[in-house]
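Here are a few notes to read alongside the structure. Have a look at it first, then go through the points.

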Amino acid sequence: MKRYFYTLFFLSSFILLLGSTVTKRLYINRGIFTTVKNTNFPFLSFNSNTAFNQLNAVITLLQNDSLKLTVINNDIAPHGFAVQGAGISISSINSGDSVFVQLHETQHRAFIYFDPLNYPSNRYLGLAGIIYFGLPSGNAVYYWNIKEHQTSYSALLASGNSVNWNSYYPDYYTINSKSFPDLQIDSTAKISATVGDTVYIVVANTGQSMHSLHFHGFHPKAVFAEAKILQAGWDKDTWGMYSMDILVLKLIPDKPGRYSVHDHNLVAITGGNTHPNGMFTIMEIAP
């Protein structure tokens, strides 16, 4: 196995506090995506081992930590690896090869990692996930990797064909590769909190379409935004996100109850033309 070494330290401050070194591995795997209605289509994913999982791995660290990451191409086709906003971009990793990257961050922020080869095809087919540098505290963190899928396009792209993105019309919409009601049993996505808790939500749009997440009951605040139209410091209930936008939202619930979060584009609440089998989840806030 050939190995290529790339090193980059992303420094956001001149004063670095002591952090930990975290070692991780990502495997590029090919498999079959199963929807909420048991529809299947080809998919690619970054996983923590060689077993295919349609949920891309989330890498979580603390501010000032250093990430030592090995990316292994377990697929038969070449792939790349990039971290948006960090200056890391590796154009090609042959089948069976690996690359090594390092990333250090002193700020509370998140990154999208993805496959830049044959862009946007490989990223659309699933190869995009989240790296989060969080606060050194006991606050709850949830992760929403939002994406849409057109099953016919997935089959074409996976077999090496091209598609017309101007005729793109997705039929499934997911958060963390799941749709409602499966999202209600995903502890990484479904928000369960108590009044007065501090909750962080890392949201990455790794799909091809724009999405607009709408919160009922609360106005979370963006504490970090790498987005085309959104800014850190904004406080609102609806967040329109273009493809490859990423946010870190802060939510402090002030009242108990059950509150929904969904895409304001109502077709994105469907899956296979069935409502509400799409981007829809219900937050549970205890007194």
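1. In which strand is the place of Leu-69? Leu-69 sits in strand 5, residues 66-73 (strands are DSSP runs of E with at least two residues, helices runs of H or I with at least four, numbered from the N terminus). A quick caveat: this is a predicted model, where local features need pLDDT of at least 70, side-chain atom pairs count only at pLDDT 80 or more, and totals for chains, interfaces and linings use all residues. Residues are numbered from 1 along each chain as its sequence is written, and side-chain values use heavy atoms, with hydrogens and water left out.

2. Leu-69 is buried, at 1% relative accessible area (buried means under 20%, with a 1.4 Å probe and protein chains only). Beyond its neighbours within four places in sequence, its contacts include Leu-26, Ile-59, Phe-81 and Val-99 (contact: heavy atoms within 4.5 Å). Leu-26 lies 43 residues away along the chain, yet the two C-alpha atoms are 7.4 Å apart.

3. Now the sheet: five strands, open, in the order 4-10-9-6-7 with mixed pairing (strands pair if DSSP finds at least two bridges between them). Strands 4 (58-62) and 7 (88-93) each have a single partner strand, so one side of each lacks a neighbour in the sheet. Inside it, strands 6 and 9 run antiparallel, joined by two bridges; Val-83 has Tyr-113 of strand 9 as its bridge partner.

4. On to helix 2 (residues 151-158), whose buried residues are Thr-151, Tyr-153, Ser-154 and Leu-157. They fall within an arc of 160 degrees seen down the axis, so they line one face of the helix (the arc is that of the directions from the helix axis to the C-beta atoms). Just after helix 2, Gly-160 has a positive phi of about 90 degrees.

Definitions and conventions:
Buried means under 20% relative accessible area, exposed over 50%, partly exposed in between (1.4 Å probe, protein chains only).
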